[in-house]
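Please keep the model open while reading.

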Amino acid sequence: MSNQPLAPREPDEDGGILLAGMRIALRPAGAALATDVAEPYLTGGERIPAGWGGGFLFWSQNAVYASRTFLAELRPVIGTRGRVASVSFGPSFALVRQSDGDRWVWDPAVGGRGKLTPAGLVDIASVPDGRVAAVLEGGRLATSVDGGKTWKDSTSRAQPWPSSLQAAPDGVWIGLGSAAALRLEKDGTLSEFTALPKKPDAREATKDARWTLPESPIERAFRRGVPIDDRSAWVEAAGAMARVDLRSGAILDMTRRVLPTDMSCESMRMGAEIVTACQGQHGRIVAASAASGEPVIEKTFEAVGRFSSGGSTLVFEGPCTGSTPAPGVICVRRAGAWSELDARAGFSEADAGNAKLEVTRWVPGEEQGAIGIVVRPVFGFLHARTGAFVDCVKDCKAQHADGLNSRAHDDVIDRTWVATSHGTLRGWTRDGSVTVMLDGTVIPSAYHWSGLRGVSAMGLAWDRDGRVWQSEDRGETWREVLGPPWLDNSRDPLECSEVGCILGPWLRVGWNAERPVVRNKPAVVRAPALARMTPVPTLTCVGTGEVQSSVANPGDNPTVQNEAGLGARLFSRLQGQRSVFRTAFGLGPLHPVISTDSTAFGLSALLHARVPEVLDGPNGPAPAGQGELENVYTWWYAEPFEPTITVRTATMRLRQMAEAAGVFRPALLTLNSDSDRPGVPVLSSTPGKAEGLLLGLEGGIWSWARHGRKRALEILTLGAEQPDPGEVISAVATGDDRVAILSVPSEGSVRVLELEQGKARMLFFIPPPPRREQYPANADALAIDAKGDLGVLRIPSGTEPSTREDPALLMRASGAPIELAPWSTLTTADAAECVNDAAGYRAIVQTQRAWLDVRNANAPVQDTRGMLAMVRWGATRVCLEAVMVGADQVDVRGNQIPTQYLAKFAGKLSATRFALVQGTEYRSNQTCRLQSAKP
């Protein structure tokens, strides 16, 4: 959990590490801790450049703090509405990016948020002499040599596009989409290099080439190792045994590889030997060695079984030889020798009408070899060495002993239970320990803990106050011991072995019961206030009193499997003797990077058809017969932004779909299971109206469902030469049977393609940001002007609306982006200023947070669930044609259903409050009014 940028790079440099939110500086005299913490705790940080005066910037889940030195008092900077993901420093400000895609500027001169410059800023890097490089939206590059006072467009030099920025002692470096790189010189020129300079990495410098596992040597030693002394431990590592220094994590020695590298292994000390048990997919292996030296394989097992140990006994829950396990037969290792114990003689005592005897686990013991826990046909205990069975039916409570019937952890060797010499079972539970007498009596411990981890006789636990306790006798007695200075009680931080314990980010070496010390509890620093949000216009809706609702009733007919369809409709799960699949399409704001609720506004469509019978052909799946091609596919859909919420139907046979799909047609045969997918509204040429829905099927095939056309259903595909476009998030009708789509592949680039039946062509491409997570918080929208020219409307501002300082941008196939009017100019499309000004680009804008203050009469609506807004957006104003936002829930025949408002301000003015989900629909006529934002 250490944060590499905060660790000291020079012996006299300030710095430290973050562990569970605590700031710790590692010094020769020991660890020094900060006296205050944040709540929620700090999760990351960055050094503030020396040119700014130095210090550190830290952040938690919902706030940013600054401190003069690494351990100095935290100063609240600003509250955030999302988790900080990264910080990059410009000449006089820090660009803060959040995990939800939002970004904003911290200006230390004003002590809070500052102006974002240049417009469309994505990433920035600077050095003290005034050299600055900035990546802007659309893959552009701007450079400056005077600390950002003036900027130069250097996009033409950054080909194919800037992929990273790096501040180094010799200047600012720009990585390109290929392996090439540029360095910004003091005179403003850009020098070409074959690669970026490699950042020094202390971890790479100290990495041992012999270690090939992803986890560090010290972590593996603490999880599965065996201590040699108080400074080192042996641990299996990819087939070899490695001796690891428990202070530095360095590998002191390593044997040859003897064990299979594809097995999971765990070691334990048994007398003077180190015994390593391994389990894999095809067998089990046990190896032994002296306290040091190369392991020797002493036993292999063909049967599948588990290992458990107690004291000096190791049990394999299967036969010593052969591949067929037999209930009651186990293989036991004691004093270096293996013997097979057969307890099947005791089966007759547990016999209950030829029922199969089931032993859920074997508990090792010195004298008994092991005791089996029998759960069927009756509960009881089976002695492996003698075969005696103890019936525990009458008044038996052992089945209530937590952890006795199943393992609580996935360790290779289970060491949680032991059969004592007194004839009892003693074991660890999730929050304590328990003794089970062989008559079934359960004797729980008086101690109960918030968390516990036991290894053989040793146990470590912590209570609700975060204090740590240790037991050395399987939980009979406990005493408080020295714990870490800061323990995260929100999750189980314990993982223990014979070497010690991992307590979250802390390593406790050995099992010495050190006396606890009194530590001053760190003060919780005052959390900073949230930044004031940009004011937004108000949408107020009032019901007119007319309400319609209906609910689908599947009925109780056992011969018909009816299920809820789109709204108050039913579809049959069976047609004759053939099963039917269904695909539901949601309606809501989409995003190619951030996980969103694509059904925020309910459903837009539902497709169902018989599951096709398929054969495996030489070229992939093929219909089982010509009759399959007549299979009927039925779409139910409701066009977005249509206030009547009318559900319509369209059908097409598989044969017709395959003809339209062309080379993509085999993918249709894999569309045969229930799934939920997003629906994409298609912008029409008529203000305030959608041209149906684009509904993704399989493998680059889309169905375009729309009302009022000669063909209510169109099947569209990518051209064979086109790459997979990624997530389709926006669409515009460009002709009667043509649609343009905007898609974003996984790396965050943007592709605009035009599709018509049997054809597809790329229109233009927008490069990705340096990192995928730097894609804007709101999805791009495909936009079109009155002449039919297409563009991409990009909204970098995120949860806050676009402003003059952080404007929305119109990006086209060529030329610089155009800055658009701020959202505060929003006006309804029927207003005179919009009617008399036809300039701008039309688009359906999707935002993760509604850019409106939505009100039900005078009551504010809290759960707005984002926004879909049909707008015409130009350089002087935003004209609102239609908008869809969340509303409160309503009760429909005992079910609480979320609703949404739909208001149209173009064409025939109307508004409704509606819900369209599987099995239920609701509609209430409304009157909606838009008011400008209050300053």
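## Cavities: terms and basis

A cavity is a set of points, on a 1 Å grid over the protein atoms alone, where a 1.4 Å probe fits but cannot get out; its lining residues have an atom within 4 Å of a point. Grid points are joined across faces, edges and corners, and a volume is the space filled by probe spheres set on the points.

The model is predicted: local features need pLDDT of at least 70, side-chain atom pairs count only at pLDDT 80 or more, and totals for chains, interfaces and linings use all residues. Residues are numbered from 1 along each chain as its sequence is written, and side-chain values use heavy atoms, with hydrogens and water left out.

## The largest cavity

Five cavities of 30 Å³ or more are counted by this rule. The largest has a volume of about 80 Å³. Its lining includes Leu587, Leu603, Ser604, Glu639, Phe641, Met884 and Phe914. Strands S55 (603-610) and S79 (910-917) are the elements that give two or more residues to this lining. Strands (E, at least two residues) and helices (H or I, at least four) are DSSP runs, numbered from the N terminus.

By class, the lining has ten nonpolar, one polar and one charged residues. Here Ala, Val, Leu, Ile, Met, Phe, Trp, Tyr, Cys and Pro count as nonpolar, Asp, Glu, Lys and Arg as charged, and the others, Gly among them, as polar.

## The second largest cavity

This cavity has a volume of about 60 Å³. Val680, Pro681, Ile729, Ser730, Ala731, Ile844, Gln846 and Leu868 line it. Strand S64 gives the most, with three residues. The class count is six nonpolar, two polar and no charged residues.

## Gly346

Gly346 sits in the loop between strand S32 (337-342) and helix H3 (347-350). Its relative accessible area is 0%, so Gly346 is buried (under 20%; exposed is over 50%, partly exposed in between; 1.4 Å probe, protein chains only).

Leaving out residues up to four places away in sequence, Gly346 touches Leu382, Gly387 and Phe389 (contact: heavy atoms within 4.5 Å). His383 is 37 residues from Gly346 in sequence, and the C-alpha to C-alpha distance is 8.2 Å.

## A four-stranded sheet

Four strands form an open antiparallel sheet in the order S9-S10-S11-S12. Two strands pair if DSSP finds at least two bridges between them. S9 (84-89) and S12 (112-113) are the edge strands, each pairing on one side only.

S10 (residues 94-98) and S11 (residues 103-107) run antiparallel and are joined by four bridges. Ala94 stands opposite Trp106 in S11.

Definitions and conventions:
1 Å grid on protein atoms, 1.4 Å probe; cavity = no way out; pocket = protein on both sides within 12 Å on 5 of 7 lines; lining within 4 Å.
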